[in-house]
Amino acid sequence: MAYAISDEDAAKAPIASDGNTKFVQNFYLKGSNYNLYVHSYLRYGLQAARVEILKVTKDLGNPCILAAYQGTYTYGGEEYKVSAPESGSSFARCRKVILEALKINKSCGYNECTFDGIWSGGGGAGLNNLYVASFFFDKAAQAGFIDSNKPDAIVKPFDFKRAARIACQTKFVDARAKYPNVYSSDLQFVCLDLVYEYALLVNGFGIDSRKKITLVKQVAYHGSLAEAAWPLGNAVAILSSSKYSTANYY
């Protein structure tokens, strides 16, 4: 996560819990000085987050997994058991599991926290206009509420909730027909992925569910379109543009 913050917020920046990591870096960009809040949310990119969500229920059925699915998920060289409870997937129960995985109530010792006990940087004008990239765009396109052929789309976090509710009512046997653009290896995670992205935006980063955000696949740069992607491959990204531009959550 990175975005430009005010001098006031930069002056009160805490030291990370490891005692060494700095939350604020100073950069000179295009003729202006910026205080850039920086934090890497390891384990919370979409593919890695699946592991954290599966760990919450361990070998029990996970309410984020589509009904009647049983299998495994391999990530980082480790294999994890994946199965649905007899009652199938559920938006409400899945969200509860995800909030636990996010450690949403863990204190950071300050008023402005995101999740997992992390200082948020204070928010402010740097988060006025949000450009959301990577898996957010991909999953919205796969769920069918944006056009994957366009470089961007204006949505609200609530759109992920609405799509998630539909996905979580789907049985695994019906998922292929309902979500033809989802990779076969990801079909069991259709509910999980959409609920996670909604919870991350609204509960994790505190974005109002009715706030307009722009999902981006490509951004205009010097007259050309450049892919908006996180090069490590497993992350999700949010970019913000304002007086305090640029923000990037991943």
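Predicted model: local features only at pLDDT ≥ 70, side-chain atom pairs only at ≥ 80, totals over all residues.
Student: Where does Arg43 lie?
Tutor: Arg43 is in the loop between β3 (32-38) and α2. Residues are numbered from 1 along each chain as its sequence is written, and side-chain values use heavy atoms, leaving out hydrogens and water.

Student: Ok, what's phi of Arg43 near?
Tutor: Near 80°, which is a positive value in a residue other than glycine. Arg43 is also partly exposed, at 38% relative accessible area. (Buried is under 20%, exposed is over 50%, and partly exposed is in between, using a 1.4 Å probe and protein chains only.)

Student: And Lys58, where is that found?
Tutor: In the loop between α2 and β4 (70-75). Phi of Lys58 is positive too, near 55°, and Lys58 counts as exposed because its relative accessible area is 65%.

Student: Which residues is Lys103 in contact with?
Tutor: Setting aside neighbours within four places in sequence, Lys103 touches Arg43, Tyr44, Phe115, Asp116 and Gly117. Contact means heavy atoms within 4.5 Å. Lys103 belongs to the loop between α3 and β6 (130-134).

Student: How far apart are Lys103 and Asp116 in space?
Tutor: 4.7 Å, C-alpha to C-alpha, though 13 residues separate them in sequence. Lys103 is partly exposed, with 33% relative accessibility.

Student: Switching topic: at what angle do α2 and α3 pack?
Tutor: About 105°, with the axes of α2 (residues 46-57) and α3 (residues 91-101) 9 Å apart. That makes α2 roughly perpendicular to α3. Axes are lines fitted to C-alpha atoms, for helices over the stretch in contact, and angles between N-to-C directions run from 0 to 180 degrees. Under 35 degrees is roughly parallel, over 145 roughly antiparallel, 65 to 115 roughly perpendicular, and the rest oblique.

Student: Which residues meet there, in α2 and α3?
Tutor: Glu52, Ile53, Val56 and Thr57 on the α2 side meet Val97, Ile98, Glu100 and Ala101 on the α3 side.

Student: What about the axes of α4 and α7, how do they cross?
Tutor: Helix α4 (residues 135-143) and helix α7 (residues 190-204) cross at roughly 135°, their axes coming within 10 Å. So α4 is oblique to α7. Phe135, Phe136, Lys139 and Ala143 from α4 meet Asp193, Leu194, Glu197, Leu200 and Leu201 from α7.

Student: Is α4 mostly covered or mostly open?
Tutor: Mostly covered, since seven of its nine residues are buried. Among them are Phe135, Phe136 and Phe137. Gly144 follows α4, with a positive phi near 90°.

Student: Which residues touch the most other members of the largest nonpolar core?
Tutor: Ile98, Phe160, Tyr196 and Leu215, out of 66 residues in that core. α7 gives the most to this core, with eleven residues. A nonpolar core is a set of buried Ala, Val, Leu, Ile, Met, Phe, Trp, Tyr and Cys residues joined through side-chain atoms within 4.5 Å.

Student: Last one: how many helices and strands in the protein chain?
Tutor: Seven helices and twelve strands. Of the 250 residues in the protein chain, 50% count as buried.

Terms used:
Helix = DSSP H or I, 4+ residues; strand = E, 2+ residues; numbered from the N terminus.
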